[in-house]
Structure formats: C-alpha cells, structure tokens
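This report concerns the protein shown below.

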Amino acid sequence: MFEALTRLFAKPEAPADLHDPKLAVAALLLHLAAVDGSIHENERSAIRGALMDHYDLDEAAVDRLVREAQKRDAEAVDFYKFTSGLIQLDMDDRIEIIRMMWTVVFADRQNHELEDNMVWRIAELIGVSSRDRTILRNQIRGKAAEATEEG
C-alpha cells in the first residue's frame with residue numbers, strides 16, 4: 001500500500017519534448033518500419049543503429065528513446081507534430097533524416113509503396129527536395145543490393 005501511495009504522489013517523469021529532434025526522428029523511423037504492416041528485425045536494428053550513430057547514443061539511451069518514441073507515435077494523429085521541429089534543423093541534418101529513413105526502408109530488402117509514400121511526405125514536410133530524396137533512395141537501395149549480393 002505504501003508503494004501505491006508513493007507512486008500516486010511521486011512527481012511524474014517529465015515527458016520528453018516532441019521538438020527534441022532525437023525523439024521526433026525515432027518516432028518517424030518506428031512509424032516507417034511499421035507502415036507496411038510488420039516490423040522486421042532488420043528494420044529494428046537499422047533504427048537502433050541509425051539513432052546510435054547519428055546521435056552518438058549508447059544502447060540504454062536508445063532503449064529509452066525508442067520506448068518514448070513508440071508511446072508518442074501511438075498517440076500521434078499525423079506527422080506534423082514530429083516534423084514541425086525538424087524543419088528548423090540545418091539542411092544537412094534534414095537530409096540525414098531522409099537518409100536514415102531510406103536505410104530503414106531497405107533494411108528488410110523490400111520497398112513497400114507505403115514506405116515510399118511516407119518518406120516522400122516527410123521529405124516534403126521538412127523541406128528536402130524531391131531530387132535529394134531520390135538521390136538518397138538510389139544510394140541506399142544500391143547499398144542494400146550490394147549487401148544482398150555479398151551475403
């Protein structure tokens with residue numbers, strides 16, 4: 001009973017700010033992985049790797065970020081709540097977000113039309129040109145094809 005009272009009156013952990021680029025990007029990547037109806041382990045690994053590499057996070061930090069991002073994605077009704085803060089980033093950072101998205105798309109060696117559509121929409125919302133989006137798509141698709149041939 002004491003634990004229940006303690007939890008009741010304890011200060012809740014401050015929610016992560018949706019304008020935190022790490023949280024917004026993590027939520028978008030998780031949504032992207034699930035948009036085709038299932039999340040493959042390769043996609044989960046790609047998300048974790050992209051977040052760890054780009055934001056220099058350790059595994060525990062990525063675990064916390066992914067848990068919070070899953071919660072926020074489940075509550076979201078559209079992408080605007082995630083992309084509105086990302087438009088403020090430098091163009092290089094926004095291009096890197098689209099690169100991470102394509103990495104997740106091709107992690108399972110498949111490219112579903114819903115994934116294509118989502119990357120297109122996010123690129124438009126954060127101001128990445130269709131030219132840059134297409135170049136990145138072709139680069140990442142080529143790397144995924146090379147990895148398939150080697151493996």
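Of the 151 residues in the protein, 38% are buried. The model is a predicted one, with a mean pLDDT of 88 and 85% of its residues at 70 or more. The protein contains eight helices and zero strands, so that its order of elements from the N terminus reads α-α-α-α-α-α-α-α. Among contacts between residues at least 6 apart in sequence, 72% join residues at least 24 apart.

Where pLDDT is low, predicted coordinates should not be read in detail.

**Packing of helix α2**

Helix α2 spans residues 21–34, and its axis comes within 9 Å of the axis of helix α7, residues 113–126. The axis of α2 also comes within 8 Å of that of helix α4, residues 59–75.

| Helix pair | Axes come within | Crossing angle |
|---|---|---|
| α2 and α7 | 9 Å | roughly 155° |
| α2 and α4 | 8 Å | roughly 70° |

With α7, the crossing angle is roughly 155°. An angle over 145° counts as roughly antiparallel, and α2 is therefore roughly antiparallel to α7. The crossing of these helices is right-handed. On the α2 side, the contact is made by Leu28, His31 and Leu32, and on the α7 side by Glu115, Met118, Val119 and Ile122. By class, this contact of α2 with α7 has five nonpolar residues, one polar and one charged.

With α4, the axes cross at roughly 70°. This angle makes α2 roughly perpendicular to α4. The crossing of α2 with α4 is right-handed. Here Lys22, Leu23, Ala26, Ala27, Leu30 and His31 of α2 meet Leu65, Val66, Glu68, Ala69, Gln70, Arg72 and Asp73 of α4. The contact of α2 with α4 has seven nonpolar, two polar and four charged residues. His31 is listed in the contact with α7 and also in the contact with α4.

**Leu114 in helix α7**

Leu114 lies in helix α7. Is Leu114 buried, partly exposed or exposed? Leu114 counts as partly exposed because its relative accessibility is 40%. Leu114 and Ala34 are 80 residues apart along the chain, and their C-alpha atoms are separated by 9.9 Å.

Key. Residues numbered from 1 in each chain as written. Predicted model: local features only at pLDDT ≥ 70, side-chain atom pairs only at ≥ 80, totals over all residues. Heavy atoms only, no water. Axes fitted to C-alpha atoms, helices over the stretch in contact; angles between N-to-C directions. Helix = DSSP H or I, 4+ residues; strand = E, 2+ residues; numbered from the N terminus. Parallel < 35°, antiparallel > 145°, perpendicular 65-115°, else oblique. Left-handed = near helix turned anticlockwise from the far one by under 90°. Contact = heavy atoms within 4.5 Å. Nonpolar A, V, L, I, M, F, W, Y, C, P; charged D, E, K, R; others polar. pLDDT = per-residue confidence, 0-100. Buried < 20%, exposed > 50% of the residue type's maximum accessible area, 1.4 Å probe, protein only.
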